[in-house]
Amino acid sequence: MSISTMNSGCSQDVITCIIGMGDIATHKSIEWAINRPLLLKSISVIGRLMNDIAGHKKEQERKHVASSLEIYMKHDDVTVEYVHELLSKQIEDAWKDITKECLVCKDVPLPLRMLFIIYARTMNLLYDSNIDGFTHVGEELSNHIQSLFVRALSI
């Protein structure tokens, strides 16, 4: 799992976001993130597994590289449904780790901790209902993006 989560891009995305956070982007906070704290590992697990679940069928049609689902199924000789349950449990555990870490990491600034929560929530939005909204942007995701950036609320 550690190799696949490193390959998910989550770590690079979040560290890039930290660098753009102004005064919060101290040397200490960047070093903390580069050392892959549990918060970073957890969002990487969420991103990787949600992507694997959502993209599994399409990837198999393309004879793409084996996903986490394929590896579990072949290694343990189990059904895709069983692996969905197993990976969903791992995603749930990663959310619990995020919650716990956000409560106990008092030396990490709140905006930095919130970045991890927001990033994980974005994964939920992109891969809602086991649909790969990152690769295949549908009407629902398009509407979310438009509501944030195109159809601004007047105050």
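The secondary structure of the protein chain comes to eight helices and zero strands, so that, by the assignment used for helices and strands, the pattern read along the sequence is α-α-α-α-α-α-α-α. The model described here is a predicted one. Of the 155 residues in the protein chain, 35% are buried, and among the contacts between residues at least 6 apart in sequence, 61% join residues that are at least 24 apart.

Helix 6, which spans residues 80-104, is considered next. This helix has 25 residues and reaches 36 Å from its first C-alpha to its last, close to the 36 Å expected at 1.5 Å a residue. Its buried residues are Val83, Leu87, Ile91, Ala94, Ile98, Glu101 and Cys102. In general, an α-helix has 3.6 residues a turn, so residues three or four places apart point the same way. The cover over the buried residues of helix 6 includes helix 4 (38-61), helix 5 (68-76) and helix 7 (110-126).

The packing of two helices is described by the angle between their axes and by the distance between those axes. For helix 6 and helix 7 the angle is about 160° and the axes are 10 Å apart; because this angle is over 145 degrees, helix 6 is roughly antiparallel to helix 7. The contact involves Trp95, Ile98 and Cys102 on the side of helix 6, and Arg113, Ile117, Ala120, Arg121 and Asn124 on the side of helix 7. The crossing of these two helices is left-handed. Ile98 and Cys102, which take part in this contact, are also among the buried residues of helix 6.

Helix 7 also packs with helix 2 (residues 10-19), the two axes coming within 11 Å and crossing at roughly 140°. This value makes helix 2 oblique to helix 7. On helix 2 the contact is made by Cys10, Asp13, Val14, Cys17 and Ile18, and on helix 7 by Leu112, Leu115, Phe116 and Tyr119. The crossing of helix 2 and helix 7 is right-handed, whereas that of helix 6 and helix 7 is left-handed.

A polar atom of the Ser42 side chain lies 2.8 Å from the backbone oxygen of Leu38.

Arg36 has a positive phi of about 55° although it is not a glycine. Within helix 3, the residue Glu31 is partly exposed, with a relative accessible area of 34%. Glu31 and Ile15 are 16 residues apart in sequence, and their C-alpha atoms are 9.6 Å apart in space.

In helix 5, the residues Ser68, Leu69, Glu70 and Met73 are buried, and the buried residues of this helix pack against helix 4 and helix 6. Just after helix 5 comes Asp77, which is found in the loop between helix 5 and helix 6. Asp77 has a positive phi of about 50° although it is not a glycine.

How values were computed: Residues numbered from 1 in each chain as written. Predicted model: local features only at pLDDT ≥ 70, side-chain atom pairs only at ≥ 80, totals over all residues. Heavy atoms only, no water. Helix = DSSP H or I, 4+ residues; strand = E, 2+ residues; numbered from the N terminus. Expected span 1.5 Å × (residues − 1). Buried < 20%, exposed > 50% of the residue type's maximum accessible area, 1.4 Å probe, protein only. Contact = heavy atoms within 4.5 Å. Polar contact = N/O pair within 3.5 Å; in protein donor to acceptor, adjacent residues only side chain to side chain. Axes fitted to C-alpha atoms, helices over the stretch in contact; angles between N-to-C directions. Parallel < 35°, antiparallel > 145°, perpendicular 65-115°, else oblique. Left-handed = near helix turned anticlockwise from the far one by under 90°.
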